Each structure stands twice: as structure tokens, then as C-alpha cells.
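Please keep the sequence and the coordinates in view while reading.

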Amino acid sequence: MHAYCLFCETQKCAVIALQIRQRYGVRCISPRIIQRKWVKGVCTEERHDWLPGYIFLYSDEPLTPFYGISGVIRWLGGGELANEDLAYAEMILRSDGILGTVHLAEVGDRCVIDDPRWAGMNGTVTKIDRGRKRCCVEFLFDRVRRSVWVGYDLVSKAKDEESGKTD
């Protein structure tokens with residue numbers, strides 16, 4: 001599986017993804033997140049775009065970057081994703097583009113998210129809202145630190161790679 005990511009004009013993402021699927025026959029995912037929201041004391045879950053403007057492409061064969069689709073601003077990394085960006089794209093694919101609740105640690109902890117859809121993703125818990133049962137986790141994607149508020153249940157602390165001890 002080969003993974004790529006396009007950064008596009010946000011309002012054109014759906015049209016761009018449709019054009020790419022039709023022209024090139026590759027899978028396109030614009031990630032969405034399930035967020036908990038409290039209304040009049042009742043917890044509900046809503047889906048929202050996460051990383052608006054980004055479209056992840058997945059193909060069995062390597063793709064040559066193509067141009068000429070209106071609204072595409074750039075290819076991340078100039079082509080195929082690697083390292084942290086590839087791990088992130090694989091997590092998006094495993095979750096079918098829908099990110100949900102995660103398990104929680106404490107603010108400042110390096111964490112590993114136990115949910116299989118997030119496999120291989122590490123981040124740092126930056127804020128916790130215990131009343132709303134959600135936390136803010138920061139990840140590195142496209143060489144930029146990005147944060148997302150997600151519902152939580154329980155997160156495992158990341159193990160120190162050298163000693164195997166939990167942080």
C-alpha cells in the first residue's frame with residue numbers, strides 16, 4: 001500500500017476527492033473526528049472534519065504526483081509519505097477516516113493510544129477536560145505540531161524505548 005496526502009482548498013475537498021477516485025481509481029479519505037458535546041447535561045457525539053483541506057490517497061501501485069486538478073495546493077513531502085506522516089496515514093486508513101475516543105493519561109505525558117485504529121500513533125496530552133470527558137492530544141504531522149480534542153476513556157503512557165519503563 002502506498003500513501004500520499006494532498007493539501008487542498010478546504011471548500012473543494014469533496015470535489016477533488018471525487019475527481020481523483022474517478023480518474024485514478026485510488027481510495028481517498030478526508031479524516032473526520034467524533035467529538036463529545038454536552039447539551040443541557042446530555043452527552044452527544046458529533047462528527048466534524050479533522051484536518052480540513054487534507055485528503056489522504058491510498059493505492060496499490062506507486063503514484064506519480066499529478067497536477068492540474070483545480071483546488072490542489074500541494075502534495076505533502078512532494079510524493080509518497082514516510083516516517084511519522086506514513087504512520088499517521090496508516091492510522092487514518094485503519095480507522096476508515098473516522099477518529100473516535102481514546103484512552104487517557106495525564107497532562108504532559110507521552111502517550112500511546114490503545115485504540116487499534118490509532119495503532120502506532122504517539123502524542124502528548126496537553127489538556128484534559130474531565131467534566132466533558134475529553135482531552136487534547138498533540139501529534140506531529142507534516143512536520144507541524146497539531147492538536148485535537150478527543151473523547152477519552154483511558155490512555156497508556158508511552159514506554160521509554162531504551163529501558164522499557166513507563167514514563
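Among the elements of the protein chain, strand β5 has the highest mean pLDDT (95) and strand β12 (residues 156-157) the lowest (46), where pLDDT is the predictor's confidence in each residue on a scale from 0 to 100. The chain as a whole averages a pLDDT of 79, and 77% of the residues score at least 70. The model is a predicted one, in which local features need a pLDDT of at least 70 and side-chain atom pairs count only at pLDDT 80 or more, while totals for chains, interfaces and linings use all residues. Residues are numbered from 1 along each chain as its sequence is written, and side-chain values use heavy atoms, with hydrogens and water left out.

Helices (H or I, at least four residues) and strands (E, at least two residues) are DSSP runs numbered from the N terminus, and two strands are said to pair if DSSP finds at least two bridges between them. In these terms, four strands form an open sheet in the order β2-β5-β1-β6, with antiparallel pairing. Strands β2 (27-29) and β6 stand at the edges with a single partner strand each, so one side of each is left without a neighbour in the sheet. On average, neighbouring strands of this sheet are turned by 30 degrees against each other, direction ignored; axes here are lines fitted to C-alpha atoms, for helices over the stretch in contact, and angles run from 0 to 180 degrees between N-to-C directions. Within the sheet, strand β1 (residues 2-8) runs antiparallel to strand β5 (residues 54-59) and is joined to β5 by six bridges, with F56 in β5 as the bridge partner of C5.

Helix α1 (residues 13-24) packs on the sheet, where the helix touches β1, β2, β5 and β6 and its direction makes about 15 degrees with that of β5; contact means heavy atoms within 4.5 Å. Helix α2 (residues 83-94), by comparison, lies across β1, β2 and β5 and runs at about 85 degrees to β5.

| Strand pair | Sense | Bridges |
|---|---|---|
| β3 (residues 32-39) and β4 (residues 42-49) | antiparallel | eight bridges |
| β3 and β7 (residues 98-99) | parallel | two bridges |

Q35 stands opposite E46 in β4, whereas the bridge partner of I33 in β7 is L99. The hairpin of β3 and β4 has two residues between the strands, and K40 takes a positive phi near 50 degrees in this hairpin.

Positive phi values also occur elsewhere. L51, in the loop between β4 and β5, has a phi near 60 degrees although L51 is not a glycine. At 9% relative accessibility L51 counts as buried, the classes being buried under 20% relative accessible area, exposed over 50% and partly exposed in between (1.4 Å probe, protein chains only). N83, found in helix α2, is likewise not a glycine and has a positive phi of about 55 degrees, but N83 counts as exposed at 62% relative accessibility.

A nonpolar core is a set of buried Ala, Val, Leu, Ile, Met, Phe, Trp, Tyr and Cys residues joined through side-chain atoms within 4.5 Å. The largest such core has 22 residues, of which F56, Y88, I92 and F141 touch the most other members. The elements β1, β5, α2, β10 and β11 each give two or more residues to this core. Leaving aside neighbours within four places in sequence, F141 is in contact with C5, L51, Y54, F56, L76, D85, Y88 and R146.

Which charged side chains pair? A salt bridge is a side-chain nitrogen of Lys or Arg within 4 Å of a carboxyl oxygen of Asp or Glu, and the count by this rule comes to six. One of them joins D142 to R74, with the closest N and O atoms 2.6 Å apart. D142 lies in the loop between β10 (134-141) and β11 (144-151) and R74 in strand β6 (residues 72-75), so this pair ties together parts that are 68 residues apart in sequence. D142 counts as buried at 8% relative accessibility, whereas R74 is partly exposed, with a relative accessible area of 34%. D142 also meets R146 in a salt bridge (3.9 Å, N to O), and salt bridges that share partners join R74, D142 and R146 into one network. K12 forms another salt bridge with E9, the closest N and O atoms being 3.5 Å apart; K12 is partly exposed at 29% relative accessible area, and E9 is partly exposed at 30%.
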